[in-house]
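Biologist: Can you take me through this model? I would like to start with the salt bridges.

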Amino acid sequence: MSIYTKKQQNIAHRIEETSDKNNWKDWKWQLKHAIRSIDKFEKVTGIQFDAEEKKNLESTLDKFPLSITPYYLSLIDVNNYSNDPVFKQSFADARELILDKSEYSDPLAEDEDSPVEGITHRYPDRVLFHVSNVCSMYCRHCTRKRKVGDVDHVPSRAQMIKGIEYIKSNTQVRDVLLSGGDPFMLPDDMIDWLLNELTQIEHVEVVRIGTRIPVVLPYRVTDKLVEVLKKYHPLWINTHFNHPREITASAAEALSKLANAGIPLGNQSVLLADVNDCPRIMKKLVHLLVKNRVRPYYLYQCDLSEGLSHFRTPIGKGIEIMESLIGHTSGFAVPTYVIDAPGGGGKIPVMPNYIISWSTNKVVLRNYEGVITTYKEPDKYEQRFCDRDCDKCDLELNLTPSEEVAATGIEKLLSDSDDSISLVPQGNERMERRTDG
Ligand SMILES: *Cc1c(COP(=O)(O)O)cnc(C)c1O
């Protein structure tokens, strides 16, 4: 059961003298009393910043506002706050105002790849649907920092219907990812309505929700919410734990409610300097996640969003972490490390190299221990010519015409049915010279 610690009790009383355990566990009380100013933060935590520091923090807040739920704030160790991973993820830092040349306000070009408001359609068969622009806690490392602090509002049904219509009319969309903001900031009846609309679309096979609620406001996972979610299987949920300290009894309880409702749970972490850029922290985190029935899904390289330079690590740090996980722990506890391509290319997986060399019949590999091994390839392998005519193929895949899609990208270069021998970037000068000539 989720607990109500002495520390939480103190915080609650500093916020509102009459508050009790029931208030604390009431997510609406938590939202109403989210800490949004430096003064209130000081009052509630007892931490005091000096005048100069405070001035810098205030100007940071003018650009990137603050919001911390009392629950998440209660996880901060006030005696050692400057090293605290919860503090660093939730409290402003004057370095957010540093603008690096390589940063963008919208590094993933989500707004450019948006056919209608609220939808980002980047991959062929799935869309990102921003259904809320509200969060209970403003992560300082938010990749959508450009939007944080836009007037908080829940989009109207009319606005959402535009997104739903887009999904309806694009039959290749089989996976809808609800994001935001945090979709769990919507009222239960709206979530119910939205999931009902989406799951009724014939070509939508799965709906996913991306949420940080189990981390920053676990009390939002009420029995009533779970009752709503349960009606819409297959529904997948991805959450966002970054540090083992965030997996508290309350968070574990929220996760358990969701898992008991039959919802597969995943986790997306962001690699953050001075927060979790350590193989041992990451290993502890993934172990706690799987213990709580959450599958580590992605580890993200920190995006090139504005004001995040102090959070970024070299990619080598991520590779080092992957090296310390792969083979050293359960395969299902290992996330995929990805870099979300600036400009909107999507997620690119990266990992240590395991192939050392290759000949026409042998591959030399190394394992996690450094043992070098060989894999002997088959002497005879009859290459099957594939013209993508699955009806005539003896591998017996039966596709309906709507499932037939042309090969794209690198897949196209590998296919037998396409004559392309290269993919050339638009505006390639050498190619332009050819056409000019
Ligand atoms: C991450 C992302 C998805 C989902 O990608 P998966 O690899 O399937 O989890 C879809 N659309 C956009 C725009 C994304 O950024």
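Modeller: Arg245 forms a salt bridge with Asp84, and their closest N and O atoms are 2.6 Å apart. A salt bridge here is a side-chain nitrogen of Lys or Arg within 4 Å of a carboxyl oxygen of Asp or Glu. This is a predicted model, where local features need pLDDT of at least 70, side-chain atom pairs count only at pLDDT 80 or more, and totals for chains, interfaces and linings use all residues. Residues are numbered from 1 along each chain as its sequence is written, and side-chain values use heavy atoms, with hydrogens and water left out.

Biologist: How many salt bridges does the structure hold?

Modeller: The structure holds 30. Another is Glu96 with Arg140, with the closest N and O atoms 2.9 Å apart.

Biologist: Which parts does that pair tie together?

Modeller: Glu96 lies in the loop between α7 and β1 (119-123), and Arg140 in the loop between β2 (126-130) and α8 (157-169), so the pair links parts 44 residues apart in sequence. Helices (H or I, at least four residues) and strands (E, at least two) are DSSP runs, numbered from the N terminus.

Biologist: Are Glu96 and Arg140 buried or exposed?

Modeller: Both Glu96 and Arg140 are buried. Buried means under 20% relative accessible area, exposed over 50%, and partly exposed in between (1.4 Å probe, protein chains only).

Biologist: What about Lys257 and Asp223?

Modeller: They form a salt bridge too, with the closest N and O atoms 3.4 Å apart. Lys257 is in helix α12 (residues 249-260) and Asp223 in helix α11 (residues 223-230), so this pair ties together parts 34 residues apart in sequence. Lys257 counts as partly exposed because its relative accessibility is 24%, while Asp223, at 54%, is exposed.

Biologist: Changing topic: what are the domains?

Modeller: The domain assignment gives domain 1 (6-97) and domain 2 (119-352); such bounds come from an automatic or database assignment. Between them the two bury about 2700 Å², 59% of it on carbon and sulfur atoms. Buried area is the accessible area (1.4 Å probe) that two parts lose on being put together, summed over both.

Biologist: Which residues of domain 1 lose the most area to domain 2?

Modeller: Trp27, Tyr71 and Gln89, together 29% of what that side buries.

Biologist: And how many salt bridges does the rule find across that interface?

Modeller: Three.

Biologist: Last one: which residues of α13 are buried?

Modeller: Pro279, Met282, Leu285, Val286, Leu288 and Leu289. They pack against β6 (265-270), β7 (294-300) and α14 (315-325), where contact means heavy atoms within 4.5 Å.
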